[in-house]
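Please read the sequence and the 3D structure below. Then turn to the report on pockets, ligand and backbone.

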Amino acid sequence: MIVDRTDFPLLATNRGLHYLDSAATSQKPRAVLDAMMNYYTHDNANPHRGAYALSARATQRYHAARERVARFVGVRDSTRLIFTRGTTESLNLVAAAWGRANVRSGDEIVLTGLEHHANFVPWQQLARDVGAVLRIARLTPDGHIDVDHLASLVGARTKAVAFSHVSNALGTINPVAELSAIARRVGAVVVCDGAQAAPHLPLSIDDLDVDFYAFSGHKMLGPMGCGVLVGRRDLLEAMPPYQTGGDMIEYVGDERSTWNVLPHKFEAGTPNVGDAVGLAAACEYLDAVGMRAVREHEQALTELASVKLGAVPDVRIYGPEPAARSGVVSFTVGDIHPHDLATILDEMNVCVRAGHHCAQPLMRRLNVPATARASFYIYNTESDIDALVAGVERAREIFGVAAG
Ligand SMILES: Cc1ncc(COP(=O)(O)O)c(C=O)c1O
């Protein structure tokens, strides 16, 4: 643990809880809850609209939140940082607004077999609607993207290459620079799903050669309902809007309308100021811990979990070696169904995810219907891993496990 567990009200009031599902959503520190309460108590009004001081304060809080989040993820020009509901909405925005304007029948979109459905289905839908072709890069047996195969798929018709920075199901940290360089050879747009990277790795989006980068606030100590899309300015300016309505317009004529400047062009309707303020407070908290320390702590826990879980008979761990992954360990235990395993673990106060992790294309490639997944964050300790291992041993006893 590199933070005080009592900073997290839910963990403080559930002292025996072993929360190992932070890849799904993180717990929230009091600093985030307080920041949101403070906003609603003192500064809440509809921003950008009111001619009165309170509305101006709400506008200022929203603007300051955007600047704070931009600084955290290494984006100098905060007007290219768009607040969304989360990674899913960010990626749908790109596939819908950029995709429909730029991808034509016969064009190709390259994805990988590692993707979360949020970075898979929007592209699949786009391809079906416009008659484009999806190309899906293979994986290596240890859960890396097969970079040579991906390179062989990228060609003159490739319009976009979309991949995750970090896999939610295996934890694989992908070589963003190498993958981007392959896309650049043919002038394809690079879309990176950073949902599992922004919370866990030191990040400077300006230094990554990507055109779009998406992440969610709720996985990085912030509230649910607030996420981010960072886009390349010229692409965002050339794209049509994603949604239309209030705030995103410059002028509305009877026949046609013109659009507001960035970022407002992509933020139709009343913005989610309270959650943006909460996300900014989460960035403040993580910066105080230090993202290098976050990474080191999670790496140490991942290595420990791999050793301790790996020593239990019948446990099979999926994905790359611990040093090449974030704080995610996906595993199965003999022929125990991961849902049964998760139920037994729950009885022992251990929360893990069981299922396909919104990555059915990956599960097909691993040839398993589901896995159990333990994922770590700054509030986890070795005792959480020990509880996990004890729970797995208990499950083996109950099921008199047969090797799978
Ligand atoms: C890699 C990855 N991409 C996208 C998403 C979707 O994020 P959200 O549900 O916050 O929109 C997740 C969430 O689990 C994820 O792990």
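## The second largest pocket

The lining of the second largest pocket has eight nonpolar, six polar and four charged residues. Here Ala, Val, Leu, Ile, Met, Phe, Trp, Tyr, Cys and Pro count as nonpolar, Asp, Glu, Lys and Arg as charged, and the others, Gly among them, as polar. The model is predicted: local features need pLDDT of at least 70, side-chain atom pairs count only at pLDDT 80 or more, and totals for chains, interfaces and linings use all residues. Residues are numbered from 1 along each chain as its sequence is written, and side-chain values use heavy atoms, with hydrogens and water left out.

This pocket holds about 290 Å³ of space. The volume is the space filled by probe spheres set on grid points, which are joined across faces, edges and corners. A pocket is found on a 1 Å grid over the protein atoms alone, as an open set of points where a 1.4 Å probe fits, with protein on both sides within 12 Å along at least five of seven lines; lining residues have an atom within 4 Å of a point.

Its lining counts 18 residues, and Phe83, Thr84, Glu89, Glu267 and Ala268 lie nearest the centre. Strand S2 (81–84) and H4 each supply at least two lining residues. The largest share, three residues, comes from S2. Helices (H or I, at least four residues) and strands (E, at least two) are DSSP runs, numbered from the N terminus.

## The largest pocket

The largest pocket has a volume of about 490 Å³. It is lined by 30 residues; Ala24, His116, His218, Lys219 and Cys358 lie nearest its centre. By class, the lining has eight nonpolar, 15 polar and seven charged residues.

## The ligand

Where does the ligand sit? The ligand sits in the largest pocket, meaning that more than half of its atoms lie within 2 Å of the pocket's grid points. Residues around the ligand (a heavy atom within 4 Å) include Gly86, His116, Asn168, Asp193 and Lys219. The shell has two nonpolar, eight polar and two charged residues.

Polar contacts are pairs of N or O atoms within 3.5 Å. A side-chain N or O atom of Thr88 is 2.6 Å from a ligand oxygen. For Gln196 the distance is 2.7 Å. A polar side-chain atom of Ser216 also lies 2.7 Å from an oxygen atom of the ligand. Alone, the ligand exposes 400 Å², and the protein buries 85% of that (Shrake-Rupley method, 1.4 Å probe).

## Backbone exceptions

Most residues other than glycine have a negative phi, and most peptide bonds are trans. Asp247 is not a glycine, yet has a positive phi of about 75°. Asp247 lies in the loop between helix H8 (233–238) and strand S9 (249–252).

Leu262 and Pro263 are joined by a cis peptide bond, with omega about 0°. Pro263 is in the loop between strand S10 (257–259) and helix H9 (273–289).

Methods:
A polar contact is a pair of N or O atoms within 3.5 Å; within protein, one must be able to donate a hydrogen and the other to accept it, and residues adjacent in sequence count only if both atoms are side-chain atoms.
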